[in-house]
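Please have a look at the sequence and the model first.

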Amino acid sequence: MRYAMFVLGLFIGAFGCVLAIKANLGVAPWDTFHIGLQKTFGLTIGIWSQIVGLAVILSSYLVAKIKPTFGMFLNMVCFGSFLDLILWLDIVPELSSVWSRLAMFLLGLVVMNIGIGMYLSPRLGAGPRDSFMLAMNERLGWSIQKVRLIIEVAVLIAGAALGGPVSIGTVLIALLTGPMIQRTIPFWQSVMKKQYGMMEPIERRAS
């Protein structure tokens with residue numbers, strides 16, 4: 001059940017990303033970076049997500065001595081694969097109305113953060129990017145909200161330089177993802193604690 005929630009959370013998170021991409025109002029900063037790499041060098045968004053994830057794992061180990069785990073690699077492989085699969089299936093329609101696209105974007109933002117909270121709650125290992133975020137939260141005493149904002153603004157600048165899409169939605173995701181994760185993680189933690197007796201919180205510093 002823990003692995004099922006882990007993988008399901010990754011799928012839901014990937015689906016939320018695709019909703020934001022299809023809304024065409026701006027994507028998450030990491031997706032701006034991945035799309036910029038796709039436009040510059042080819043390959044798919046999912047494959048670039050995996051390549052960048054591997055680079056983050058290596059960088060985290062070299063800089064902060066964060067040892068890679070099975071969960072990190074499973075996250076990296078599954079998320080990129082789910083992203084490409086959902087885009088390939090083309091199950092999310094292209095909308096023309098601004099209001100319908102805005103609704104799709106907001107839904108994608110919520111779904112994406114629900115997925116992140118779900119896959120973190122079983123404590124089978126955070127993905128490369130979230131592992132780095134949580135490590136900074138623990139070691140520096142910064143809140144997840146602050147750490148996430150700093151990381152994603154830096155990635156956004158790099159993605160924009162490569163030609164990735166940047167719009168008002170990108171800014172909203174960068175600003176709102178941290179606060180939303182800070183609320184979805186405790187919810188899913190309580191679910192896992194109730195079902196499996198997992199007592200240790202993932203985030204020890206919420207503010």
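This is a predicted model: local features need pLDDT of at least 70, side-chain atom pairs count only at pLDDT 80 or more; totals for chains, interfaces and linings use all residues.

**Around Thr32**

If we set aside its neighbours within four places in sequence, Thr32 is in contact with Val27, Leu156, Gly159, Ala160, Gly164, Pro165, Val166 and Thr170, where contact means heavy atoms within 4.5 Å. Residues are numbered from 1 along each chain as its sequence is written, and side-chain values use heavy atoms, with hydrogens and water left out.

Thr32 sits in helix α2, residues 29–41, helices being DSSP runs of H or I of at least four residues and strands runs of E of at least two, numbered from the N terminus. Is Thr32 buried or exposed? Thr32 counts as buried because its relative accessibility is 0%; buried means under 20% relative accessible area, exposed over 50%, and partly exposed in between, with a 1.4 Å probe and protein chains only.

Stepping back to the whole chain, the secondary structure comes to 8 helices and 0 strands, and 51% of the 207 residues count as buried. Among contacts between residues at least 6 apart in sequence, 77% join residues at least 24 apart.

Now to one helix pair. Helix α1 (residues 2–23) and helix α5 (residues 98–120) pack with their axes 7 Å apart and at an angle of about 160 degrees, where axes are lines fitted to C-alpha atoms, for helices over the stretch in contact, and angles run from 0 to 180 degrees between N-to-C directions. The two helices, α1 and α5, are therefore roughly antiparallel to each other, a label for angles over 145 degrees, with under 35 counted as roughly parallel, 65 to 115 as roughly perpendicular and the rest as oblique.

Two loop residues deserve a look at their backbone. Asn24, in the loop between α1 and α2, has a positive phi near 60 degrees although it is not glycine, and at 57% relative accessibility Asn24 counts as exposed. Asp90, in the loop between α4 (70–89) and α5, also is not a glycine and has a positive phi of about 55 degrees; with a relative accessible area of 48%, Asp90 is partly exposed.
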